[in-house]
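Please open the model in the viewer and keep the selection panel at hand.

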Amino acid sequence: MTKVRRVVTGQNADGKSVFVSDEQVDPTTLALLPGYEFHRLWAADAVPALPTSGDEASAPAYFPPTGGFRFGFFSVPPAGVDIPPDLDINAALAEMDEKMPGMAAPMEPDNPGMHTTDTIDFEVVLSGEVICELDDGAEVTLKKGDTFVQNGTRHRWRNPGSETVVLFVALLGAERRK
């Protein structure tokens with residue numbers, strides 16, 4: 001498990017800029033997604049207001065609602081890291097719901113990894129090489145330094161390589177209109 005350093009600023013009661021925290025953040029791991037790591041570094045369920053004390057807002061769901069955001073990293077393991085055959089699926093789903101509420105909701109059980117969310121996602125590949133596949137099978141390969149804007153489309157991530165891929169991600173809650 002890789003820890004990530006997170007430094008947070010804010011303003012004190014006198015309006016002076018201060019460092020509020022400087023800490024190591026552990027990743028969230030899930031039995032249902034072996035080899036994946038999710039670092040949730042900052043989040044809010046509403047548009048932020050400034051000045052701020054730098055206290056972390058309550059934002060329990062994995063995906064943000066309209067006007068909310070999520071900031072973090074996620075890691076995609078290389079090909080061949082599979083779910084153990086003896087995994088208790090019900091227990092693994094309960095773990096996912098407890099650690100990352102709402103993450104499973106947009107996932108398609110009959111099409112592993114494929115999902116659609118009401119978010120605009122900004123991503124940067126920090127290491128490795130990953131494939132993003134869209135619903136019609138169209139694919140793009142992204143390498144270290146590449147950026148990606150995901151506009152609420154149906155997609156899945158795949159890592160056919162031999163090293164773990166790490167992506168920076170900022171998810172912005174969007175309103176889906178029919």
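The stops below go from overall fold to core.

This is a predicted model, in which local features need pLDDT of at least 70 and side-chain atom pairs count only at pLDDT 80 or more, while totals for chains, interfaces and linings use all residues. Residues are numbered from 1 along each chain as its sequence is written, and side-chain values use heavy atoms, with hydrogens and water left out.

Begin with a cartoon of the protein, which shows one helix and 11 strands (DSSP runs: H or I of at least four residues for helices, E of at least two for strands). Read from the N terminus, the order is β-β-β-β-β-α-β-β-β-β-β-β. Along the principal axes, the C-alpha atoms fill a box of roughly 55 × 40 × 35 Å.

Next, colour by burial: 35% of the 178 residues count as buried, that is, under 20% relative accessible area with a 1.4 Å probe, protein chains only.

Now select Phe-38, Tyr-62, Phe-74, Met-103, Val-130, Trp-157 and Leu-167, which touch the most other members of the 22-residue largest nonpolar core (buried Ala, Val, Leu, Ile, Met, Phe, Trp, Tyr and Cys joined through side-chain atoms within 4.5 Å). Strand S5 (69-76), helix H1 (89-99), strand S7 (129-134) and strand S11 (165-173) each supply at least two residues of this core. The largest share, four residues, comes from S11.

Finally, centre on Trp-157. Leaving aside residues up to four places away in sequence, Trp-157 touches Tyr-36, Phe-74, Glu-123, Val-130, Ile-131, Cys-132, Leu-142, Phe-148 and Leu-167, a contact being heavy atoms within 4.5 Å.

Definitions and conventions: Buried means under 20% relative accessible area, exposed over 50%, partly exposed in between (1.4 Å probe, protein chains only).
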